[in-house]
Amino acid sequence: QYTEENYRKNPDYLFAKLNYAELCIQEGRHEKIPEILNHQFVIKLLYPERNVFHITEVVGFTGVIGHYFALEGNMQQVEICYRTLKDLAPYHPYTKKLGRYLRLAGIKNGLSKL
């Protein structure tokens, strides 16, 4: 309830967007992510007036879009997000989550070739 309220009251605040996006993912409504992020999957395009971002902003944004892309089955984009997170925050839960998605996709791909 507080997450949705925060997003409604602060729709331009990045962490309100990210928290609401995560809530939607948890509730099985990941199709709302593009709308929440104004159809922008690059943080600089979401906030074009800014030139500097805190690492927590980049990690949070990259983790959320990576999770979204995984649910959409776009493993090429998941790989890009994972590599970015691996460089910035190798032990972050988002990094681990995207790594698991990639390993699972690799296993599924291997099994489909059998």
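1. Phenylalanine 69 is buried, with a relative accessible area of 9% (buried means under 20%, exposed over 50% and partly exposed in between, with a 1.4 Å probe and protein chains only). Tyrosine 68 is buried as well, and its ring forms a tilted pair with that of phenylalanine 69, at 5.6 Å centre to centre and 55 degrees between the planes (rings of Phe, Tyr and Trp, the last by its six-membered ring, pair if their centres lie within 6.5 Å; planes under 30 degrees apart are stacked, over 60 edge-to-face and the rest tilted).

2. This is a predicted model, in which local features need pLDDT of at least 70 and side-chain atom pairs count only at pLDDT 80 or more, while totals for chains, interfaces and linings use all residues. Residues are numbered from 1 along each chain as its sequence is written, and side-chain values use heavy atoms, with hydrogens and water left out.

3. Phenylalanine 41, which at 27% relative accessibility counts as partly exposed, lies in the loop between helix H3 (33–36) and helix H4 (43–46), whereas phenylalanine 69 lies in helix H5, so their pairing ties together parts that are 28 residues apart in sequence (helices are DSSP runs of H or I, at least four residues, numbered from the N terminus). Ring pairs link Phe41, Tyr68 and Phe69 into a cluster.

4. Threonine 62 is also found in helix H5 and, at 8% relative accessibility, counts as buried. Leaving aside residues up to four places away in sequence, threonine 62 touches Cys81, Thr84, Leu85 and Leu98 (contact means heavy atoms within 4.5 Å).

Note on methods
Helix = DSSP H or I, 4+ residues; strand = E, 2+ residues; numbered from the N terminus.
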